[in-house]
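Let's walk through this structure together, one part at a time. Keep the viewer open as you read.

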Amino acid sequence: MAVRPKVAFFEFTSCEGCQLTVVDSLQTHPELLEAVEIVRFREAMSEKGDDYLIAFIEGSCTRPSDEPHLKAIRERAGVVVALGACAHLGGVNAIRNRQELSELRRYVYGDKAEWYETYPARPISAVIPVDATIPGCPIDREEFIRVVKAVLQGRAPQLPDYPVCVECKLKENVCLYLRGKTCLGPIALAGCDAICPTYGDSCEACRGLIPNPNIESLKNVLAEHGLSVEQTMAKMTMFLTYQTMESEAAAHGNGKR
Amino acid sequence: MATGSVKIDVHHITRVEGHGNIVVDVKNGQLKQCDLEIPETPRFFEAMLRGRPYMESSHITSRICGICAIGHATASLRATEKALGVEPSAQTVLLRKLNFHGEMLDSHILHAYMLVAPDLLGAPSVVPLAKAAPDVVLRALRMKKLAGDLCAAICGRHTHPIAMTVGGFTHFPSKADLEALRQRLIEARADVDATVELFQKLKIPAFERDTEYIALSKPDEYCFIDGVIKSTDGGSWPVEQYRQVTNETCVKHSSAKRTRHQRESYMVGALARVNVNFDLLHPKAKSAAGALGLKPKCVNPYMNTVAQVIEIAHCVEDSIQLCDVLLSRGVTWEEPVAPARLSGEGVGACDVPRGTLFHNYVIQDGLVSGANCIIPTGQNLNNIEADMRALVPAILDRRPEEITLSLEMLVRAYDPCISCSTHMLDVKFV
């Protein structure tokens, strides 16, 4: 291969678990290092480059000073990829958006609250245009490799647009609803190989929602399975608080008109 | 000591988890400023737990950290179980220990091989090291994959665990899974020996500063989960009294809170555990300690990486023993133990790769009403700064780049997990 495209990794508010998953993907796909040149990966290397074609961004935007950084990355990079649920959806960071900001800061930092800068958590697409997304909390390492290959070939990565239930059925799992549990599989975007239901736990929709999800119908199903309104809302907002609040605001806006 | 002036500002230390800056200002031989700044964004996890069902706590808090996700999940589950009167089964305890070893190995291998070894081998990162010493890097990747596969067999994946739940597990490894893991762990003994040999050859910087070392401890095993809080300065405390030990405060240059106990600062992590619990290490780990020249109490913080190598030897041997016990008693599909009540308060404590971690929850009618998490790196920050203040005057005659590298290596030796540590709170239970 002639010139290897330069790749950089950046992280905003996150656990850095998606970048860790990238490191893990090298265990099974060492050829990745031959296809690209990594010029920045603070968690794993000291070298720092500012010349890159592809920028992978992990984490949510949670403070005003994140915005100029994100915009600078966008200006330098030809392709910006949102890496994982925090960058893609806001993810668990957005849970706190439902709480009053000043009370939230006092709860954690007491009378020192004003020392630390923060505002409601947002996906990076709320700040800069994003060219591709690798969903999930954390990302799936095989999907990471597939998306990198697509981007290197100049193609838009193809992500599944069907629900987790499809993959779960293909795995021949017993449906969690039949085991007395509940699950967001019917409305959640697939691509994870239904890993949570496979390990006996409910899907939490960390990859986001399918197009046109029937959320009201799922809420009825959850209620039929004994979930209170609070429990249902908790389930829907673990990774999707930002989206839930956006759609509530839109519905509210429509009501006014 | 030199009489010159030095200004060092390392913006975003590399090869650590999270964002940290080193700021040193020396004027005419006088140390004016020597701070480890933590500009990481505040994360607010404790506040986010409020009002949410207790079953979600371990899933949300594992997202504090990609590297110690299982540690956070385990501490979270123990806090919830103590609050709600849940006594996990003997099988659950065994599986959690084995799972925990998987994360300990994964994290220590990542740190010792990929983040520290490049410094000691004179490489800027593991990527050029892969060309210069491919066998070293391939060994690290092989050991790391085994650690990850161990976690995957028990809880689905290391980042973020799936099958760990209040009162037990939602999935169980098969006999074949355990047999295959046991075989690979036995084969990994050669890699452990080679790791000890590698770190025998590497030159660990000489620097000593006595401090207080704190770790969880049990009378009959090298402790990672539960136990009591124990100090090398003497004394032990039930984990429920953790606030007497941690005494958190805020400082302006860090979104991570600081702690102090019987001195100005204390250290947690592999070196602290080895110093507190040396006698309970597996014999193979003790002989690794002998080969690597670590005797308790060791007061060189750079030796934390060596202590991690010793724990790698311990965890591989203990994992083999745990596989043997699980295989001989057989793993059965158990329903998780149901809570005895839906309200209460509990403290869960684990010694995760970077040190002692506390989760403290108050639960009311099944919903979390108050939460406090105290993270190892937060506990180490005062100690790192105290080390920096002792080290800088002793090396002022060196070139600024050398001083910078020494300080970076010092911070890296602690294996700081910064995104973890920036979400601690004043305790205010509603």
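How far apart do the C-alpha centres of domain 1 of chain A and domain 2 of chain A lie? They lie 24 Å apart. A word on what you are viewing: this is a predicted model, in which local features need pLDDT of at least 70 and side-chain atom pairs count only at pLDDT 80 or more, while totals for chains, interfaces and linings use all residues. Residues are numbered from 1 along each chain as its sequence is written, and chains are lettered from A and ligands numbered from 1 in the order in which they are written.

Back to those two domains. Domain 1 of chain A covers 6–152 and domain 2 covers 164–252, with bounds that come from an automatic or database domain assignment. Their contact takes 17 residues from domain 1 of chain A and 14 residues from domain 2 of chain A; two residues are in contact if their C-beta atoms, placed from the backbone, lie within 7 Å. On the domain 1 side, the largest share, three residues, comes from helix 4 (residues 85–89) of chain A.

Now take chain A as a whole. It has eleven helices and five strands, which are DSSP runs numbered from the N terminus (helices are H or I with at least four residues, strands E with at least two). Its C-alpha trace spans about 60 × 55 × 40 Å along the principal axes. A compact globule of 257 residues would have a radius of gyration near 18 Å, and the 20 Å of chain A agrees with this. That radius is taken over C-alpha atoms, and the globule rule is 2.2 Å times the number of residues to the power 0.38. Buried residues make up 47% of the 257 residues in chain A. Here a residue is buried if 20 or more other C-beta atoms lie within 10 Å of its own, exposed if 12 or fewer, and partly exposed in between, with C-beta atoms placed from the backbone.

How do the chains meet? In all, 44 residues of chain A are in contact with 47 residues of chain B. Helix 1 of chain A gives the most to the chain A side, with six residues.

Finally, look inside. The largest nonpolar core has 202 residues, and A55(A), I57(A), V81(A) and I310(B) touch the most other members. Such a core is a set of buried Ala, Val, Leu, Ile, Met, Phe, Trp, Tyr and Cys residues joined through C-beta atoms within 7 Å. Helix 4 (residues 90–120) of chain B gives the most to this core, with 13 residues. Domain 1 and domain 2 of chain A both give residues to this core, so it lies between them. Leaving aside residues up to four places away in sequence, V81(A) touches several residues, including I54(A), A55(A), F56(A) and V147(A).
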